[in-house]
Amino acid sequence: MNILILGAGGREHAFAWKISQSPFCDELFVAPGNAGTAELATNLPVSYNDFEAVADAVLKNRIDLVIIGPEEPLVGGIVDFFRDRADLKHVRLIGPDKAGAQLEGSKDFSKNFMQKYGIPTAASRTFTAETLEEGLTYLGSHALPIVLKADGLAAGKGVIIAENLADAQEAMREMLVGGKFGEAGSKVVVEQFLRGVELSVFVLSDGEHYKILPEAKDYKRIGENDAGPNTGGMGAVSPVIFADGNFLRKVEEKVVKPTLAGLKSEGIKYVGFIFIGLMNVKAEPYVIEYNVRMGDPETEVVLPRIQSDLVTLLAATAKGTLQDVEMNISPQVAVTTVVVSGGYPDVYEKGKVITETHRLDDVVVFHAGTTFNTNTEVVTNGGRVMALTGVANSLENAVHKSQRAAHTVQFEGKYYRHDIGLDLIRFKD
């Protein structure tokens, strides 16, 4: 079949890398892609949020299957757009429709959904500009620290953890009155702070059946020891040593099954990935958030551990026959370190020439923010530039491979965290 991947980051390069290994992929396209996907597929100069342009590309290139990487087109209703067009109804899509995408598109919706279906999560209340004074009063009675979340999509930056009441009230005013996150912050979810260890579990659903993919732990903050502002992700590890079989069974029984049952009860046929952000609180799982796609950089450690043919899994997902396909997971450990542009996640420069990639011989290199300059050199084109994944029989060796690669690759202003995976090594010891 001919396959199109929508997106331009490391997640999409990881999908292209895995899909290109399948004998069932005839032609592979990525829109818009990056310098890494260009080595495996045909990049198309199409924005994934331009649904008409995506449709034209699908028809022109006789696409059979579309994998939607980012959340914006899903929340925007690209699946509904395809479903409503007679000339596109034959195309299979991996991703939920607009109703299902509310799990990520609205924190308020997802919190109400979890409460309705008994899925363990932090207690919360939602406020708007009209209920600002009530919200400010409520904050005064809330235990510290206080978590405030913008209701809509805010590019991973819509969560504020306030250590004191004054900061919490200022943050609420900035979102509801000051428009800090635009429309995404028109509602603010105030949430109980949970103490525990974070991890993510990924589910692939065909609307009736599901497969649980390898779990992962990512590193969100820019600085080592989790200091500084949040980013899109500075690295990831899979498997997660503190997520033993007993804990993952609890996740399946208390989170995965009621989530999928709840979606069915809401009349939502959910086809695609569900990213479940969890907090392990004294060996009990609590849901922090849902995402309606794979994470980045988690995808870069999850896919290398899936030994089964990914196209077979995705085709079965699209057809509703996922129960007929076996999924095999490698016991090896995957660790990815993200190298970023200097200044990220704030202001950074683009166009820096990337060198020494020819010396990266024992890792999988996933491009994220890269493109070509007029001299056909690979240059930086984003904040997160590359994810460098080491796979090994031990966590220590996988960390060593990934970190060595991050040290080797070069471009002006390069930065990366040196502590990816070290907390799990300490936990193990």
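Aspartate 108 is buried, at a relative accessible area of 15% (buried is under 20%, exposed over 50% and partly exposed in between, using a 1.4 Å probe on protein chains only). This is a predicted model, where local features need pLDDT of at least 70, side-chain atom pairs count only at pLDDT 80 or more, and totals for chains, interfaces and linings use all residues. Residues are numbered from 1 along each chain as its sequence is written, and side-chain values use heavy atoms, with hydrogens and water left out.

**Salt bridges**

- Searching the whole structure turns up 29 salt bridges (a side-chain nitrogen of Lys or Arg within 4 Å of a carboxyl oxygen of Asp or Glu).
- Aspartate 108 pairs with lysine 187 in one of these, at 3.6 Å from N to O. The two sit 79 residues apart, aspartate 108 in helix H6 and lysine 187 in strand S9 (residues 187-192) (helices are DSSP runs of H or I with at least four residues, strands are runs of E with at least two, and both are numbered from the N terminus).
- Lysine 187 is partly exposed, with 30% relative accessibility.
- Arginine 62 and glutamate 27 make another salt bridge, 3.8 Å from N to O. Arginine 62 is in the loop between helix H2 (51-60) and strand S4 (65-68), while glutamate 27 is in strand S2 (residues 27-32), so this pair ties together parts 35 residues apart in sequence.
- Of that pair, arginine 62 is exposed at 55%, and glutamate 27 is partly exposed at 36%.
- Lysine 180 bridges to glutamate 174, with the closest N and O atoms 3.6 Å apart.

**Helix H5**

- Helix H5 covers residues 98-105, and its buried residues are Gly100, Ala101, Leu103, Glu104 and Gly105.
- Among the elements covering those buried residues are helices H3 (72-76), H6 (107-116) and H9 (245-265), plus strand S17 (284-291).

**Second largest pocket**

- The second largest pocket holds about 410 Å³ of space.
- Its lining takes in 18 residues, and Val79, Arg83, Leu93, Val271 and Ala318 lie nearest the centre.
- Helix H4 (78-83), strand S5 (92-94) and helix H11 (310-319) each contribute at least two lining residues.
- By class, the lining of this pocket comprises 8 nonpolar, 3 polar and 7 charged residues.

Technical notes
Contact means heavy atoms within 4.5 Å. On a 1 Å grid over the protein atoms alone, a cavity is a set of points where a 1.4 Å probe fits but cannot get out, and a pocket is an open set with protein on both sides within 12 Å along at least five of seven lines; lining residues have an atom within 4 Å of a point. Grid points are joined across faces, edges and corners, and a volume is the space filled by probe spheres set on the points. Ala, Val, Leu, Ile, Met, Phe, Trp, Tyr, Cys and Pro count as nonpolar, Asp, Glu, Lys and Arg as charged, and the others, Gly among them, as polar.
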